[in-house]
Amino acid sequence: MGPNSYRISKIDIMHSLLGGGICFVSTFFISAISGTILRELLINLGILGVIAFDSFRIARTIIIFGAAYLTCGFLGGIYTGYNVEGRLGVLLFITASVGFVSFAILVWALAYLSSPDAYIEILLPAAAGNLIGAYLGGYTIIWPYRHGEEPSHLEIELEEEETQRED
């Protein structure tokens, strides 16, 4: 690690903010899509009645956490990890924070926080998913370079065989 690895430049902050924007946009769309897909899946399987049980709310929260929030944090983290050269831990925290705060403001503006359980079902999983996903994505993209490994590339070499024809 050189002396520049502990500095944060304006470009690094801009990339971190852009990664947070990617995290926010993808969180909004993927969470809406995954909720709709889950509902359609239940309808097609003929088990829509399970939504009446409290255990389904827990299961839905876990499914949306994995399918949307964790994935979206991962996407923002990959962008940030690929484009920054400063202190990655701090910049990934900024990425996750921008993604989560923007999503929380949007959810509040759309009045999805009307019930007290919405904080546990929406905001807590979104904050955890964006933070964990951003760190996973950011460190995944730089892992080979940080530990001195050569990035693995799959190379396939085909040997040419000479065929002899008899005339």
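Aspartate 54 is exposed, with a relative accessible area of 57%; here exposed means over 50% relative accessible area, buried under 20%, and partly exposed in between (1.4 Å probe, protein chains only). The model is predicted, so that local features need pLDDT of at least 70 and side-chain atom pairs count only at pLDDT 80 or more, whereas totals for chains, interfaces and linings use all residues. Residues are numbered from 1 along each chain as its sequence is written, and side-chain values use heavy atoms, with hydrogens and water left out.

The side chain of aspartate 54 meets that of arginine 57 in a salt bridge (3.8 Å, N to O), a term for a side-chain nitrogen of Lys or Arg within 4 Å of a carboxyl oxygen of Asp or Glu. Because they are 3 residues apart in helix H2, these two residues are separated by about one helical turn. Helices are DSSP runs (H or I, at least four residues), numbered from the N terminus. Arginine 57 counts as partly exposed, at 28% relative accessibility.

Arginine 57 also forms a salt bridge with glutamate 121 (2.6 Å, N to O). Since arginine 57 lies in helix H2 and glutamate 121 in helix H4, this pair ties together parts that are 64 residues apart in sequence. Glutamate 121 forms a further salt bridge with arginine 60, with the closest N and O atoms 3.2 Å apart; this pair likewise ties H4 to H2, joining parts 61 residues apart in sequence. Arginine 60 is partly exposed, with a relative accessible area of 30%. The structure holds 4 salt bridges, and Asp54, Arg57, Arg60, Asp117 and Glu121 are linked in a network of them.

The largest nonpolar core has 11 residues, among them Ile64, Tyr69, Phe103, Leu113, Ala118 and Ile122. Such a core is a set of buried Ala, Val, Leu, Ile, Met, Phe, Trp, Tyr and Cys residues joined through side-chain atoms within 4.5 Å. Helices H2 (54–83), H3 (88–109) and H4 (117–146) each supply at least two of its residues, and the largest share, 4 residues, comes from H4. Apart from this core lies another, of 5 residues, including Val84, Leu88, Leu91 and Leu92.

The buried residues of H3 include Leu88, Leu91, Leu92, Phe103, Ala104 and Val107. At 1.5 Å a residue, the 22 residues of H3 should span 32 Å, which agrees with the 31 Å between its end C-alpha atoms; the expected span is 1.5 Å times one less than the number of residues. H3 is followed by alanine 111, whose phi is positive, near 60°.
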